[in-house]
Every structure is written in C-alpha cells, then in structure tokens.
Amino acid sequence: QGNAIYSGSYQIYALLLTLSSIGVPNAISKLVAERTAKGDHKGAIRIFKVALATFAIIGLVGTLLLFFGADIIATYWLNIPEAKYTLITLSPAVFFVTVAAVLRGYCNGKQAMRVTARSQTLEQVFKTVLEIVYKMTNGNTVWMAAAANVATTLSIFMSFMYLVRFYRITRTERAKELKETVNYKYQNVKSIVKKILSVSIPMSLSSIMSSFNKNIDSFTVVSGLKKFMTESDAKAQYGILGGKVDTLTSLPLSINIAFATALVPTISRAIASGDKETTTKRVSFSLMASMLIGLPCTIGMIVFADPILHLLYPAQPEGALLLQISSLTIIFTILDQTINGTLQGIGKVMVPAISLGCGMLAKLVINLLLVSNPSFGANGAAIGSVVCHMVAFSIAFTTLRRNVTLNLKVGNFLIKPIIATIIMSICSLFIYNVLLGIISQALATLIAIIFAVIIYAISVVVLKILSKEEFFMIPYGQKIYQLLEKLGIYR
C-alpha cells in the first residue's frame with residue numbers, strides 16, 4: 001500500500017515534469033552551442049535568460065497545479081486519497097527541476113559537462129540517503145510515503161542550488177565573453193521561445209508518451225480492482241505493480257541506454273555523410289547488442305521472478321506472476337530504445353511518439369477490459385503493457401527497415417542468443433536448486449544470478465555470436481578479442 005501511494009503520486013509528478021522540462025536541456029544546449037560557436041556570447045546568454053524566465057513560469061504553474069489539485073488528483077484520478085500528501089510534498093520539485101533543466105542545458109552548451117554530471121550525482125546521492133533514513137522511521141504508511149517524496153524535492157533543490165552556485169561563480173568569465181562578442185544577432189523573446197520549443201518538443205514527445213503510458217496504470221488499476229476486491233487489496237496490488245514490478249523491468253533499460261547513447265551519434269554522422277555501409281553496420285550492431293542484453297534479462301527475470309522478489313522484498317515477496325508477465329516487455333522496450341534512437345538520428349523524430357501512442361491505445365483498451373475482470377485483475381495491466389510495447393516495437397521496426405538497410409542474420413541475431421539464454425537458464429537454475437538446500441535462499445539467488453551472467457557471456461563467446469568487427473565496436477572490445485585469440489576461441 002505504501003508503494004501504491006508513493007508510485008501513484010510519483011507518476012503524476014513525472015508527467016508534469018515531462019511536460020515542463022524533458023527535452024529542454026538538449027534544446028538549450030544546442031542553441032547556446034550554436035551561438036557560442038559563432039562568437040555570439042551575448043546571443044547565447046540572451047537565449048539562456050529568456051529560457052530561464054519562460055520555463056520558470058511553466059514550472060511554477062506545474063507546481064501550483066500539483067499543490068492545489070492534490071486532493072482532486074489523489075481522490076478522483078488515482079483513487080488513492082492518501083496520495084494527497086505525497087503530491088503536495090512533490091509539488092515544489094516541479095519548479096526546481098524545470099529551472100535546473102535550463103541551467104543544465106546552458107552548462108552543456110558551454111561544454112561544462114562535469115557540472116551537469118556533478119549536479120545529477122549530488123541529487124541521486126542525497127535522495128538515496130534521505131529515502132533510506134525516512135523509510136527506517138517505521139512510522140505511519142501515508143506519512144512515510146510522503147516523507148520519501150520529500151527526499152525527492154530536497155535532493156532536486158540541492159542539485160538546483162549547486163547549478164546556481166556554478167552560474168554565480170562564473171560571472172567574471174561571462175562578463176569577459178560579453179566584451180568579446182562578435183556576430184551578435186538580436187532575437188526577440190517570441191522567436192527565442194518558438195525556437196526552443198521547436199527543438200525541445202520533438203525530442204520530448206516519446207518521453208511524454210512514456211509518462212502518459214505509466215499513468216494509464218495509475219488511473220485504471222485501483223479503480224478497476226475495486227470492482228471485485230477491497231480498496232486496501234486494490235492498493236496493495238497496484239503497489240506491487242508500480243513499486244516492485246515496474247522498477248525491476250525498467251532496470252535492464254539503464255544497461256542498454258549506455259550502448260544506444262554511444263552508438264547513435266556515430267549512426268547520425270554516417271547518415272549525414274551518406275555512408276550507407278557504416279550506417280548498416282552500426283544500426284545492425286546496435287540491435288544485436290540490444291538483443292544480447294534484453295533476451296537474457298527477459299528470460300532470467302521470468303525464471304527467477306520468485307527468488308528475486310524474496311531477495312529484494314523479504315517481508316513482502318508477492319507478485320511473481322505479475323513480474324513474469326511484465327518481464328516480456330523488456331526485450332521489446334530494449335530493442336525499441338535502440339530503434340528510436342536510430343530513427344531520431346535519421347530525422348524520423350515523430351515515429352517513436354506515434355508508435356508508442358498506438359501501443360498506449362492498445363494498453364488502455366486492454367486495461368479497461370481485463371483489470372476489472374476477476375480472472376485477470378492486475379495481471380491484465382501487465383498484459384496490456386506487453387501488448388503496448390509489442391505494438392510500438394512492430395511499428396518502429398517496420399519504419400526502420402524501410403529507411404535503413406539492415407544486416408541481421410537470423411542465426412546470429414535470434415537463434416544463437418536463444419540457445420545461449422537457454423544454456424544460461426538451465427545451468428543457473430540447477431545451481432540455484434543445488435545451493436537452496438545448503439545455504440539461504442537469498443545467497444543462493446545471488447550466486448545463481450552471478451553464475452548466470454558468467455555462463456551467458458561464455459555461451460555468447462563459444463557460439464561466436466559476435467564477429468571480430470563487432471567486438472571492436474564495444475568498449476575494450478579489441479582487448480577482449482585479442483584475449484580470445486590467445487585462447488584459441490577466435491582465429
């Protein structure tokens with residue numbers, strides 16, 4: 001129930017946050033960098049100041065909407081009246097994170113990447129420490145959920161103050177740049193705002209759709225479940241879905257994004273230069289890497305759903321079936337993540353939003369039909385998510401194939417990864433069952449998962465899924481390949 005209160009509120013906050021600031025840092029960094037590159041430091045600072053004022057107003061409106069609308073949102077949208085207090089505690093964060101987004105965009109545009117990185121690190125460390133402290137208080141569930149979200153607000157404020165401090169201590173440097181300004185081009189406020197929005201909106205559409213997608217569960221699960229179970233049980237089911245399952249199934253995406261982010265700029269440069277051969281190789285490898293990450297994560301989470309929940313939530317380990325169903329979304333979302341990055345790189349910026357929008361409609365229909373059915377319940381929402389991401393992937397992949405030539409052999413892309421995943425699953429499950437009678441379940445789970453990673457990596461190498469050229473595309477790949485040559489695995 002605590003997870004239900006926390007997750008429901010956070011999704012509403014995330015939606016407002018997405019609407020007010022996602023895409024803003026990239027848009028502002030692009031515009032600031034363009035003016036700076038031409039020596040127009042005065043124009044760059046003007047863009048920053050106009051953006052700061054504009055998004056401060058937008059952020060303030062978001063804060064006020066969340067603060068004064070907390071009761072209505074919690075009672076009528078989420079069907080979780082207790083979430084009112086968590087929404088109120090989150091409301092100031094909308095303003096601070098929106099303004100911080102502008103400051104980060106300016107820092108990135110000035111090539112001060114470390115400042116952005118440090119502000120984000122400070123935010124996460126501070127948030128983690130505070131949340132742990134608050135959740136150890138063992139107080140009332142409602143107030144603990146609210147306190148956990150206070151941690152979010154305070155951590156964002158700390159990050160915001162760090163960025164403000166950086167901006168203030170660089171005043172002398174900015175004054176010097178203003179004196180050296182050349183090629184100054186005056187732009188009125190309207191044209192600057194229009195330009196920022198024209199860049200940020202396409203970049204943020206898929207994030208906005210993703211946030212809306214999460215809120216479908218917020219709006220439909222508790223209200224649907226209440227038709228055949230108590231309100232308390234309905235909240236608990238949503239807490240499992242939003243607090244446990246969504247968190248676990250989202251984790252593999254953070255692993256894949258590192259590969260996707262690193263490869264997409266290369267793809268964009270290749271496309272811009274008309275190098276179709278490099279484009280084909282990079283896109284194909286990106287998809288291969290995503291498959292090799294997504295498939296074992298999907299199957300591994302299905303096989304070890306119950307042990308993982310007992311490991312992470314020993315006091316409340318319920319939700320194995322929900323996790324198993326939801327795990328099927330992992331492979332589609334990971335592949336979609338890479339495809340969407342590629343589509344944005346080739347200028348098809350609207351396709352990711354359209355594909356996810358179609359998936360959202362399918363999920364909404366399935367949620368409305370299945371969640372209120374006692375035979376499905378919360379599992380209906382998980383099924384809806386699977387269908388949603390299958391639809392989004394299908395549309396995005398079809399568009400990609402029409403625009404980019406792919407070199408994906410069925411054997412290497414599909415059959416061999418499946419074989420490697422099966423070997424991993426059988427071996428790790430055997431290890432887990434053997435250890436279960438000797439050591440604790442938690443330790444057996446940890447050891448089995450570690451061995452699963454090792455066995456899978458060995459299987460990928462032995463089956464020679466990656467070629468020499470593909471090895472050279474990954475970090476430290478050249479050294480890994482040289483080691484494999486010495487071992488006689490590759491020749």
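This is a predicted model: local features need pLDDT of at least 70, side-chain atom pairs count only at pLDDT 80 or more; totals for chains, interfaces and linings use all residues.
Visitor: Why is T329 called buried?

Guide: The relative accessible area of T329 is 7%, and buried means under 20%, so T329 is called buried. T329 lies in helix 14, which covers residues 328-345, and the chain has 20 helices and zero strands.

Visitor: Which residues does T329 touch, leaving aside those up to four places away in sequence?

Guide: With contact taken as heavy atoms within 4.5 Å, T329 touches T249, S385, V386 and H389. For the chain, residues 24 or more positions apart account for 79% of the contacts with a separation of 6 or more.

Visitor: How do you know whether the radius of gyration of the chain agrees with that of a compact globule?

Guide: A compact globule with 491 residues would have a radius of gyration near 23 Å, and the chain has 24 Å, so the value agrees with the rule. Along its principal axes, the C-alpha trace spans about 75 × 65 × 40 Å.

Visitor: What share of the residues of the chain counts as buried?

Guide: Under the cut-off of 20% relative accessible area, 50% of the 491 residues count as buried. The accessible surface of the chain comes to about 23300 Å², and 66% of this surface belongs to carbon and sulfur atoms.

How values were computed:
Residues are numbered from 1 along each chain as its sequence is written. Side-chain values use heavy atoms; hydrogens and water are left out. Helices (H or I, at least four residues) and strands (E, at least two) are DSSP runs, numbered from the N terminus. The radius of gyration is taken over C-alpha atoms; the globule rule is 2.2 Å times the number of residues to the power 0.38. Buried means under 20% relative accessible area, exposed over 50%, partly exposed in between (1.4 Å probe, protein chains only). Accessible areas come from the Shrake-Rupley method with a 1.4 Å probe; for residues, only the protein chains shown count as cover.
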